[in-house]
Amino acid sequence: MLFRFLVGGFVVSVFSALADVLRPRSLAGLFGAAPSVALATLGLTIAGNGVVYASLEARSMIGGAVALFVYTYLATWMMFRYKPSALLVTAGLLAVWLSSAFAVWSLVLK
Amino acid sequence: MLVKFELSSLKRTRWYEVFVRFLFGGLATVATGMIAKCYGPVIGGLFLAFPALFPASATLVEKHEKEKRQRTGLNGIRRARNAVALEARGATMGSIGLAAFAIVVWQFLSGGNVWVVLATATLAWLAISVLIWLMRRFNP
């Protein structure tokens with residue numbers, strides 16, 4: 001578990017550093033949806049559980065990406081329209097990500 | 001505006017901000033593994049695209065942009081929140097690339113070399129995300 005934590009922390013930090021130095025902002029924002037956790041997790045999953053298990057995870061990840069699209073689209077709209085605190089919007093909308101992801105799961109993946 | 005690398009922004013990043021990102025990244029990876037272990041790969045896979053780091057990153061962008069403006073004597077809150085909105089817009093485009101990453105891994109992992117498939121999937125994410133960004137930039 002410690003190894004998983006260290007690998008995940010490292011991969012996420014590398015992608016975050018890239019986002020920090022890239023300009024313009026909208027281009028840097030692409031890295032907000034970088035496959036950093038996925039790369040760390042899939043690499044370890046393949047080693048521990050094999051490629052069939054990891055393929056199933058990747059199939060579900062498509063649903064997670066759809067939920068991420070909904071989440072970031074709403075965050076963009078709310079930040080431009082109402083200018084609230086970033087933490088309030090991005091943390092508050094996590095419930096929308098969860099609902100969207102489970103909606104995709106129950107409609108398509110279940 | 002041209003695409004550029006602003007290395008000076010790394011100097012504004014404090015050690016605790018690097019620590020927070022490392023911590024959130026590590027915790028997200030551990031949590032995803034535990035969810036997959038408890039509920040199986042179908043549920044666990046959803047969380048490979050969970051925006052675990054996004055609230056922390058957006059808050060840091062807001063803070064940095066506000067501080068930058070305040071150094072020139074301006075309030076900067078409005079500008080900082082616009083910067084967060086632009087980052088979120090970029091992430092929306094990136095999420096389409098992320099779906100492409102997942103499709104490549106799902107379709108090719110069973111029959112191909114693991115590292116080649118993961119590298120190809122990462123390139124697919126980058127290429128599709130940047131292509132959408134360019135299309136939007138030149139056809140707003």
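A crossing of two helices is called left-handed if the near helix is turned anticlockwise from the far one by less than a right angle, and right-handed if clockwise; helices (H or I, at least four residues) and strands (E, at least two) are DSSP runs, numbered from the N terminus. What we have here is a predicted model, in which local features need pLDDT of at least 70 and side-chain atom pairs count only at pLDDT 80 or more, while totals for chains, interfaces and linings use all residues. Residues are numbered from 1 along each chain as its sequence is written, and chains are lettered from A and ligands numbered from 1 in the order in which they are written.

Let me begin within chain A. Helix H4 (residues 51-82) of chain A passes helix H6 (residues 94-109) of chain A in a right-handed crossing, and the two pack at an angle of about 145°, with their axes 8 Å apart (axes are lines fitted to C-alpha atoms, for helices over the stretch in contact, and angles run from 0 to 180 degrees between N-to-C directions). Among the residues that meet there are A:Gly63, A:Gly64 and A:Tyr71 in H4(A), and A:Trp97 and A:Trp105 in H6(A).

Turning to the two chains, 74 residues of chain B are in contact with 73 residues of chain A, contact meaning that the C-beta atoms, placed from the backbone, lie within 7 Å. On chain B's side, the largest share, 24 residues, comes from H5(B).

There is also a strand pairing, for which DSSP must find at least two bridges: two bridges join strand E1 (residues 22-23) of chain A to E1(B), and the strands run antiparallel, with A:Arg23 standing opposite B:Lys4.
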